[in-house]
Amino acid sequence: MARVQLLLCFTILFASVTLLDLVSAHLKFKPSLPQIEDPKTVKDVEPYTVKVVMVFVADLEKECPKTNKFKAFFEKLRGFAKYVCPIRRIGQVDYDRDMKAKAGGIFKAISSFAIGKIREEIQEEKQEAIDTFRFMKSVAAKIMGGRKKEENEETMTLTAEQQKEIKEGILKWETIITRITNTMVSSTSTSASSSEESSVGKESETSAKGESETSAKGESETSSSKTAEASQSSSLTVTQVEEETSKDVSTFIMNLEKKCPQKEEFKVFFEQLKGTMIAPRKERKGLFSRIKTAAGKISGAMQVMRSRIGSKSAEVKKNMEAYQEQVMKTLEELDTIHAQIVSQNKGKASLTCTPTQQVQIKQTITKWEQVTTQFVEVAAQSESSASSSSSSSSSSSSSGKMQAK
C-alpha cells in the first residue's frame with residue numbers, strides 16, 4: 001500500500017514537472033539586429049543581409065530541439081539568407097527561380113509541423129511568412145525603382161530612409177520566423193510530454209494491480225539491463241564515427257571541386273580541404289585531431305582565394321568573408337564536441353560517442369558543407385563574371401582597332 005502511495009506521489013510530481021516544461025517550452029528568444037555597419041550602397045545590401053540572417057539563425061537554432069525536422073528547417077533558412085532582402089544584381093543568373101525554390105523549401109518545412117491542434121495556427125503563421133516575403137520583395141523593388149540611369153550598384157547610395165526600411169524589414173522577417181519556431185517548439189514539447197504522461201499512467205495502473213515488490217524489482221532490473229544494452233548498441237566509437245564522417249566529407253569535396261574553375265587558387269583551396277578533412281589510409285591521426293591542428297590552413301587557403309579572386313567588387317569580398325567566418329565557426333563547434341567526448345570518456349580504453357553526439361556531429365558537418373558550398377559558389381560566380389567581362393572588353397578593343405584601320 002505504501003508503495004502504491006509513493007508511486008502516486010511520483011506520478012503527481014511528474015505531471016507537475018511536465019506542466020512546468022510545457023510552460024517553459026516557449027522560446028525565451030528575442031530577435032534583434034547585430035551591431036554591424038549599415039549597408040551604404042546597393043551592393044552592400046546582400047552581404048549585410050547574409051551576415052545578419054546567419055547570426056540570427058545560429059542563435060535561434062541553439063534554443064530548439066536537436067531533431068531532424070528542426071535541422072531541415074534551419075538548413076532551409078540558411079540557404080535563403082541572401083533572399084531575405086532580395087535585391088537582384090547585374091550578372092546574377094536564375095536569381096528569381098532560385099529565390100522562389102528556396103522560399104518554397106522553407107514553407108514546406110514549416111508545413112511539416114502543421115499537425116494536430118496547432119495545424120491551423122501553423123498555417124496562419126506560414127501565411128504571415130509568405131506575406132513578409134512579398135513585403136521584402138516590394139521594399140527591394142522600391143529601392144531599385146528609384147535608381148537613376150547613370151547610377152550602378154556601386155555608386156547608388158542608400159538613403160537613411162532606405163536603410164531603415166531594409167533593417168526594419170529584416171527584423172520583421174526574423175520576428176515572424178521566431179514566432180513560427182516558437183509554435184513548432186511548443187508542438188514538439190506537447191507531443192513528447194503527452195507520450196510520457198501516457199507511459200507513466202500505465203505504470204501506476206500496474207502497481208495498483210498488486211504486483212509484488214520482488215516482481216517489480218525483477219522487472220526494473222530487466223528494464224534497466226535492456227536500456228543499458230540498447231544504449232551500448234546505439235553508441236559508436238569515435239573511430240567509427242570519424243571513418244563514416246570522412247567518407248561523407250570526401251564525397252562532398254570531390255563533387256564540389258568538379259563544379260569549380262581549374263584555376264590555381266581553387267586547386268590550393270581544395271588541396272588544403274582534402275588534407276584536413278580526408279585522412280590518408282596509413283595516417284593514425286583522427287578527423288577531429290586533424291581539424292584542430294589544420295583548421296588554420298583552411299582559413300589561409302580561403303584567405304588566398306579571397307585575395308586572388310578576379311572580381312574587385314567589395315560586395316563579393318564581404319560575402320566571402322561572412323561565409324569564411326561561418327566555415328571556421330563550424331570547425332570550432334566540431335572541436336568543442338570532440339572535447340566533450342574526450343572529457344566524458346576519461347580513464348576509458350576507447351572513446352565512445354553517444355547517439356546525441358552523433359547527431360550533433362552530423363548536423364555540424366552538414367552546416368559546414370553548406371557554408372563551404374556558399375563560399376565556393378560566390379568565388380566561382382565571381383570568377384565567371386570576371387572572365388566574361390574580360391572577354392567582352394577584349395572583343396570591344398579588337399573591334400575598335402579594326403574600325404580604326
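**Charges over rings and paired helices**

Author: In this predicted model, the charged end of Lys69 sits over the ring of Phe113, 4.5 Å from its centre.

Reader: What makes Lys69 count as sitting over the ring of Phe113?

Author: The distance is 4.5 Å from the ring centre. The cut-off is within 6 Å, together with a limit of within 35 degrees of the ring normal. Lys69 is listed as over the ring, so it meets both.

Reader: Which ring does Lys172 lie over?

Author: Lys172 lies over the face of Phe135, at 4.3 Å from the ring centre.

Reader: Why are H3 and H4 called roughly antiparallel?

Author: Helix H3 (residues 68-79) and helix H4 (residues 95-111) have axes that cross at roughly 160°. Angles over 145 count as roughly antiparallel. H3 and H4 are therefore roughly antiparallel to each other. Phe73, Lys76, Leu77 and Gly79 of H3 make the contact with Lys102, Gly105, Ile106, Ala109 and Ile110 of H4. By class, that is five nonpolar, two polar and two charged residues.

Reader: Why do H8 and H9 get the label roughly antiparallel?

Author: The axes of H8 (residues 238-258) and H9 (residues 264-277) cross at roughly 175° and come within 10 Å. The cut-off is over 145, so H8 and H9 are roughly antiparallel. Among the contact residues are Val249 and Ile253 of H8, and Phe270 and Leu273 of H9. The contact has seven nonpolar, one polar and two charged residues.

Reader: Which residues form the aromatic cluster?

Author: Phe56, Phe80, Tyr83, Tyr95, Phe133 and Trp173 form one cluster. The structure holds 10 aromatic pairs.

Terms used. Residues are numbered from 1 along each chain as its sequence is written. This is a predicted model: local features need pLDDT of at least 70, side-chain atom pairs count only at pLDDT 80 or more; totals for chains, interfaces and linings use all residues. Side-chain values use heavy atoms; hydrogens and water are left out. Rings of Phe, Tyr and Trp (its six-membered ring) pair if their centres lie within 6.5 Å; planes under 30 degrees apart count as stacked, over 60 as edge-to-face and the rest as tilted. Axes are lines fitted to C-alpha atoms, for helices over the stretch in contact, and angles run from 0 to 180 degrees between N-to-C directions. Helices (H or I, at least four residues) and strands (E, at least two) are DSSP runs, numbered from the N terminus. Angles under 35 degrees count as roughly parallel, over 145 as roughly antiparallel, 65 to 115 as roughly perpendicular and the rest as oblique. Contact means heavy atoms within 4.5 Å. Ala, Val, Leu, Ile, Met, Phe, Trp, Tyr, Cys and Pro count as nonpolar, Asp, Glu, Lys and Arg as charged, and the others, Gly among them, as polar.
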